[in-house]
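Here is a short briefing to read beside the model. Take a look at the structure, and then we can walk through a few of its parts together.

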Amino acid sequence: MASQSTPSRRQIIISKLFQFCRQIIGPNTSAENTPVSASVSSEPLVITRGEHGISRKQFSPNAIKVLYRLKDGGYDAYLVGGCIRDILLGQQPKDFDVVTNATPDQVKKLFRNCRLIGRRFRLAHIVFGREIIEVATMRGHHEAPEDKNQISQSSDEGQLLRDNVFGSIEEDAERRDFSINALYYSINDFSIHDYANGLAAIKAKQIELIGDPETRYREDPVRMLRAVRFATKLDMSIAPNSEKPIAELANLLDNIPPARLFEEILKLFLNGKAEANFLMLRKYGLFRSLFPELDKILDKNPDGLENKLVQQMFQNTDKRINSNKKVTPAFIFAALLWFPLLEHTKKIQEQEQILEYDAFAQAMNKVLSESSQHIAVPKRFTLGARDIWHIQHRLDKRAGQRAYRLTQQPRFKAAYDFLLLRVDAGETQHTELAQWWTQYLSQDINGQKDMVKNLGHQGGPKPRKRTRRRAPKKPTE
Ligand code: ATP
Ligand code: MG
């Protein structure tokens, strides 16, 4: 690995770092949107320990253990990707990824707590209780000569289906998605190796794909979603050359396995930046590939109730995540599929002349089965969404024991929150009902009984009293 630097090169590095630090410490708007070039050079920019000032204490001790074990085993080992990027930006990394020139089988031999996973990318997971350190073998070019262990395969659209060709660190850098994610921290001398002008991109606040953007999106369309996620998370913009092909290629997301899309959607909506991600996905036409029916509804009426409800839901989600409160994907999917559900209900009711509630039940199956074609939402969340929807129909039936019984349903709280969301978004016809429930939930049992008594006809028809069946008369002889 080339780690020596000539004096003039060192000067460049120091001046870059100086500017970089100023960028982080204080705003420097002139740096924003400066074009950066993300091609990988065989000579990385090397920033020594003294220059970058990152200490090993900022890394997970388990990640450091893994690096040393690999090094002592005679292999090269680096921390790479998000963890270096986030620490440079003063953020807490989500996880620590390691890259090495040891093959997955060689890694497995070094660690007892190792399991190999993945088909598309073969990876080693080193398990330390709840923390997993992911160890990847450096990737090479998929055009490289193939043998039995080095398999790569792509589809007609240019999508990489398997990517298990191993290579050098320079090749590995070229296979990474964005320049800001191709920063490597070496355990040999604690320096950072920047292969694709990642530091310059951090300074310019730009998310830029490495290589030709169209080819890189075609290889893996999920990179379009990752670009959005990093832009909002890091408060950066997508560089113009990386932004340009997105609208045209957005529909390639249809080729992504539904289980992977579900995982990516969770990352987008559960990271405290859901509202910003939603708006950016809409801007680039990516939301259409994820939620096509809702996207059409939102387009029809940009200032309407539908947009308000979805945006408000994401705002609430962000608030909850940022104050460490729980969020269930069931609620998010219930809200995202609510308007398609109402549309289907109407259609079915008109076509089949059946009761609204029956049409609603049929429509639930329809929206869930349609959305499962491209997003694999696990059953526990679709069941949760169904409960939230069902309860919307029962919230105004409060007479007798009904209100109390409804509160005992496992999804009642989520369904009540959903009612509040509908009212907030503009369904003012339910304002009184929402206020009634808010008051009901604040009362003790006697107060609740009084509220139900005072309902009169509003609480729906009184439940029929059960009449005792008389035992049949014994036949007289
Ligand atoms: P975070 O963990 O905060 O979501 P990250 O950048 O660490 O961000 P990971 O999904 O953990 O993202 O991936 C680790 C690294 O692997 C990335 O930084 C990037 O270098 C590489 N990588 C991940 N996904 C892809 C992809 N689809 N295409 C190319 N490189 C990728
Ligand atoms: Mg990561």
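Which residue of strand 6 does T100 stand opposite? T100 faces T137 there. This is a predicted model, in which local features need pLDDT of at least 70, side-chain atom pairs count only at pLDDT 80 or more, and totals for chains, interfaces and linings use all residues. Residues are numbered from 1 along each chain as its sequence is written, while chains are lettered from A and ligands numbered from 1 in the order in which they are written.

**Overall picture**
- The protein has 24 helices and twelve strands; helices (H or I, at least four residues) and strands (E, at least two) are DSSP runs, numbered from the N terminus.
- Of the 477 residues in the protein, 35% are buried. Buried means that 20 or more other C-beta atoms, placed from the backbone, lie within 10 Å of a residue's own.
- Among contacts with a separation of 6 or more, 68% link residues 24 or more positions apart. A contact is a pair of residues whose C-beta atoms, placed from the backbone, lie within 7 Å.

- Strand 3 (residues 97-100) pairs with strand 6 (residues 131-137) in the parallel sense over four bridges; pairing requires at least two bridges found by DSSP.
- Strand 5 (residues 123-128) also pairs with strand 6, here in the antiparallel sense over six bridges, and L123 stands opposite A136.
- Strand 4 (residues 114-117) runs antiparallel to strand 5, joined by four bridges, with C114 and I126 as bridge partners.
- The hairpin of strand 4 and strand 5 has five residues between the strands, and G118 takes a positive phi near 80°.

**Around ligand 1**
- The residues surrounding ligand 1 are G81, G82, K94, D95, D97, R176, D177, N181, D220, V222 and R223; a residue is near a molecule if its C-beta atom, placed from the backbone, lies within 6 Å of it.
- This shell divides into seven charged, three polar and one nonpolar. Asp, Glu, Lys and Arg count as charged, Ala, Val, Leu, Ile, Met, Phe, Trp, Tyr, Cys and Pro as nonpolar, and the others, Gly among them, as polar.

**Helix 17**
- Helix 17 (residues 329-336) is mostly covered, with eight of its eight residues buried; among them are P329, F331, F333 and L336.
- Its buried residues pack against several helices, including helix 12 (258-269), helix 16 (305-322) and helix 22 (412-425).

Methods. A residue is buried if 20 or more other C-beta atoms lie within 10 Å of its own, exposed if 12 or fewer, and partly exposed in between; C-beta atoms are placed from the backbone. Two residues are in contact if their C-beta atoms, placed from the backbone, lie within 7 Å.
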